[in-house]
Amino acid sequence: MAIARDFVFFGRLCLDFAHTGDMGHASRFERLTSPGELQRWLSLSPVPLPKVRITARDLHRARALRGAIWRIANAVLERRVPAAGDVRLLNAIACEPSLARQLDAAATASRWHRPTVRGVLATVARDAVALFGDPQQLARMRRCENSQCKAVFYDDSRPGLRRWCAPNRCGDRIRARAYRARHRS
């Protein structure tokens with residue numbers, strides 16, 4: 001897990017993107033407060049992008065996609081059918097052209113070919129479709145077992161037994177709480 005000020009990356013692109021919102025807490029936890037903050041997330045994300053032009057409309061679209069991913073993830077974890085509008089939005093954005101890599105002339109490195117915000121959002125949406133649409137991947141989507149954390153993460157550990165969004169975040173908190181409780185007695 002990587003932390004960049006207030007952005008957290010647990011390892012799954014679509015879920016990392018979903019965590020840039022309030023996650024049901026309150027709007028004071030909104031992280032994509034401006035096009036500049038969306039650009040900052042893009043530069044730190046698993047698909048790091050050079051500076052791309054981001055408009056207020058792009059930001060609105062990004063927030064809409066993020067909300068749909070978050071609501072679908074929660075519906076799936078709660079064994080409910082997701083809202084049809086959220087699924088439609090996710091599918092519509094996933095069908096748009098996504099980011100594409102291009103090899104340099106020396107065949108030693110790659111870079112994004114004409115990256116755009118719409119391409120990034122399509123890439124995020126495709127990752128969400130792959131996650132929600134594949135029963136094997138879906139079986140590894142979890143909610144953090146820390147009762148004060150609402151994070152949803154993809155368990156990419158070999159045994160598939162991860163309990164917390166991150167061992168050095170909630171895992172440490174839970175273990176410290178248990179230690180204090182044992183030594184209080």
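User: Contact here means heavy atoms within 4.5 Å. With that in mind, which residues does Arg 12 touch, not counting residues up to four places away in sequence?
Analyst: This is a predicted model, and in it Arg 12 sits in the loop between strand S2 (7–9) and helix H1 (13–18). Leaving out residues up to four places away in sequence, Arg 12 touches Asp 127, Ala 130, Leu 131, Gln 137 and Tyr 154.

User: Is Arg 12 buried or exposed?
Analyst: The cut-off for buried is under 20% relative accessible area. Arg 12 comes in at 10%, so Arg 12 counts as buried.

User: What about Arg 79, with its positive phi: is Arg 79 buried or exposed?
Analyst: Arg 79 isn't a glycine, yet its phi is about 55°. That's worth a look because most residues other than glycine have a negative phi. Arg 79 lies in the loop between helix H3 (56–77) and helix H4 (84–94). Exposed means over 50%, and Arg 79 has a relative accessible area of 78%, so the word is exposed.

User: Where is Arg 114, which has a positive phi although it is not a glycine?
Analyst: The phi of Arg 114 is about 45°. Its relative accessible area is 69%, so Arg 114 is exposed. As for its place, look in the loop between strand S4 (110–112) and helix H5 (117–133).

User: How are H3 and H4 oriented to each other?
Analyst: Their axes come within 9 Å and cross at roughly 125°. The crossing is left-handed. Angles over 145 degrees would count as roughly antiparallel and 65 to 115 as roughly perpendicular, so H3 and H4 are oblique.

User: How many nonpolar residues are in the contact of H3 with H4?
Analyst: On the H3 side, the residues include Leu 65, Ile 69 and Ile 72, and they meet an H4 set that includes Val 87, Leu 90 and Ile 93. Arg 61 and Arg 71 in H3 and Asp 86 in H4 also take part. By class, that contact has three charged residues, no polar ones, and a nonpolar count of nine.

User: Which element gives the largest share of the largest nonpolar core?
Analyst: That core has 38 residues, and Phe 17, Leu 38, Leu 65, Ile 69 and Phe 132 have the most contacts inside it. S2, H1, helix H2 (35–44), H3, H4, H5 and strand S6 (152–154) each supply at least two residues. The largest share is eight residues, from H5.

User: Which residues does Ile 69 touch, not counting residues up to four places away in sequence?
Analyst: Ile 69 is among the residues with the most contacts inside the largest nonpolar core. With those up to four places away in sequence left out, Ile 69 touches Cys 14, Phe 17, Ala 18, Leu 90, Val 124, Ala 128 and Phe 132.

Conventions: Residues numbered from 1 in each chain as written. Predicted model: local features only at pLDDT ≥ 70, side-chain atom pairs only at ≥ 80, totals over all residues. Heavy atoms only, no water. Helix = DSSP H or I, 4+ residues; strand = E, 2+ residues; numbered from the N terminus. Buried < 20%, exposed > 50% of the residue type's maximum accessible area, 1.4 Å probe, protein only. Axes fitted to C-alpha atoms, helices over the stretch in contact; angles between N-to-C directions. Parallel < 35°, antiparallel > 145°, perpendicular 65-115°, else oblique. Left-handed = near helix turned anticlockwise from the far one by under 90°. Nonpolar A, V, L, I, M, F, W, Y, C, P; charged D, E, K, R; others polar. Core = buried A, V, L, I, M, F, W, Y, C linked by side-chain atoms within 4.5 Å.
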